[in-house]
Amino acid sequence: MAIPDIRIPLDLLPVDGRFGCGPSKIRPEAVAALAAVGTTYLGTSHRQDGVKAVVRRVRAGLHDLFNLPDGYEVALGNGGSTAFWDIATFGLIAQRSQHLVFGEFSSKFAEAAGAAPQLGTPSVIESAVGTHPEATAEDGIDSYCLTHNETSTGVAMTITRPTGTAAANDELVVVDATSGAGGLAVDASQFDCYYFAPQKCFASDGGLWLALLSPAAVARIERIKASGRWMPASMDLSIALDNSRKDQTYNTPSLATLFLMAEQLDWMNAQGGLGWTAARCAESATAMYSWAEQSPYATPFVASASDRSNVVATIDLDGVDATTVSKVLRANSIVDTDSYRKLGRNQLRVAMFPAVDPHDVRQLTRCVDYVVRALSA
Ligand SMILES: *Cc1c(COP(=O)(O)O)cnc(C)c1O
């Protein structure tokens, strides 16, 4: 089917039309800074100080942004968050994990743990898409696996240690924070491993994983390694941690990804840190959800307002085809508002990461109104 020829008036358009959930908008200032080091940084050895200084900036920037308590460490390596799931099954989960499953991403980690022959069958607590389950203390569970923001559904949950569990008892809270980290408030004392990749709130490219590790998580990593459990070197958390402490990665990283992330972290910290980024994302979310609540044809997919994500909005449409709306937006240079394909709903999905200007989110709602009016005319 041909895309209806609808031209959105210029005064309604956002300044930047990138609303994808990852890879997501990278600030042009960061790209310009990368270009400026195009012949002095790009194409140089990752074992020399030019690159190690950038890894140091990333690690220190994360310490600052998350106000990490004494003893917490920042580890990193290649492979992104998906690789980290497998890495965790080798080097972080001791015997049995519990998983809260409420969408595509949280289900993938549960599957990885379930398939790992070195681990016991995980405990899986599932809830319907558009909601999230609660973790509960269970005998024999050594890792409670939560997801800060379920990117496939637009549900966010507050990160707290499950009642009755403690890091001191070797019960770790392991959080997939891939799309939440940097845009949602979090208290580091509530997690032992908070892992993510840079292509979402950190406005960089994919392919890298980063993990904020508590002393209990570091002790667990060392203990599993000492037990002699087999693990491939490229997935060995203890090797990754050793290298991270030297501001390097086990094998060659993408230098551009590291640099863009360092730029984004400096920008976030200079603006006021996590308090500032979380408030900015909350402002975008308020604009998006209040528009949808007042709209005759749009409704927030997540029924409970307290479960609605401030970084990924999912908006159901009624009486108008969401795929057509996304295609018309794309033809007007507003990209990646498509719903998560496996959710299969008549829906728009919009990233409101810190790099996205709340003004542009408000403009997007005006563009959607314009397109829907034109399609029904
Ligand atoms: C994007 C995403 C992932 C996958 O990240 P990759 O770096 O592509 O592996 C995992 N979990 C969540 C919550 C995500 O949003």
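**A tour from loop to core**

Begin by selecting Ser333, which sits in the loop that links α9 to β12, where helices (H or I, at least four residues) and strands (E, at least two) are DSSP runs numbered from the N terminus. The model is predicted, so that local features need pLDDT of at least 70 and side-chain atom pairs count only at pLDDT 80 or more, while totals for chains, interfaces and linings use all residues. Residues are numbered from 1 along each chain as its sequence is written, and side-chain values use heavy atoms, with hydrogens and water left out.

Ser333 has a phi near 70°, a positive value in a residue other than glycine, and it is exposed, with a relative accessible area of 55%; here buried means under 20% relative accessible area, exposed over 50%, and partly exposed in between, with a 1.4 Å probe and protein chains only.

Next, select β10, β11 and β12, which form an open sheet of three strands in the order β10-β11-β12, with antiparallel pairing (two strands pair if DSSP finds at least two bridges between them). The edges are β10 (298–300) and β12 (347–351), each with a single partner strand, so one side of each has no neighbour in the sheet. Strand β11 (residues 312–317) pairs with β12 over five bridges, and Ile315 stands opposite Leu348 in β12.

Of its 92 residues, Leu62, Phe66, Phe191, Tyr194, Phe196 and Phe202 touch the most other members. Helix α7 (residues 255–271) gives the most to this core, with nine residues.

Finally, select Ala203, in the loop between β8 (193–196) and β9 (208–213). Ala203 has a positive phi, near 45°, and is buried, with a relative accessible area of 1%.

Terms used:
A nonpolar core is a set of buried Ala, Val, Leu, Ile, Met, Phe, Trp, Tyr and Cys residues joined through side-chain atoms within 4.5 Å.
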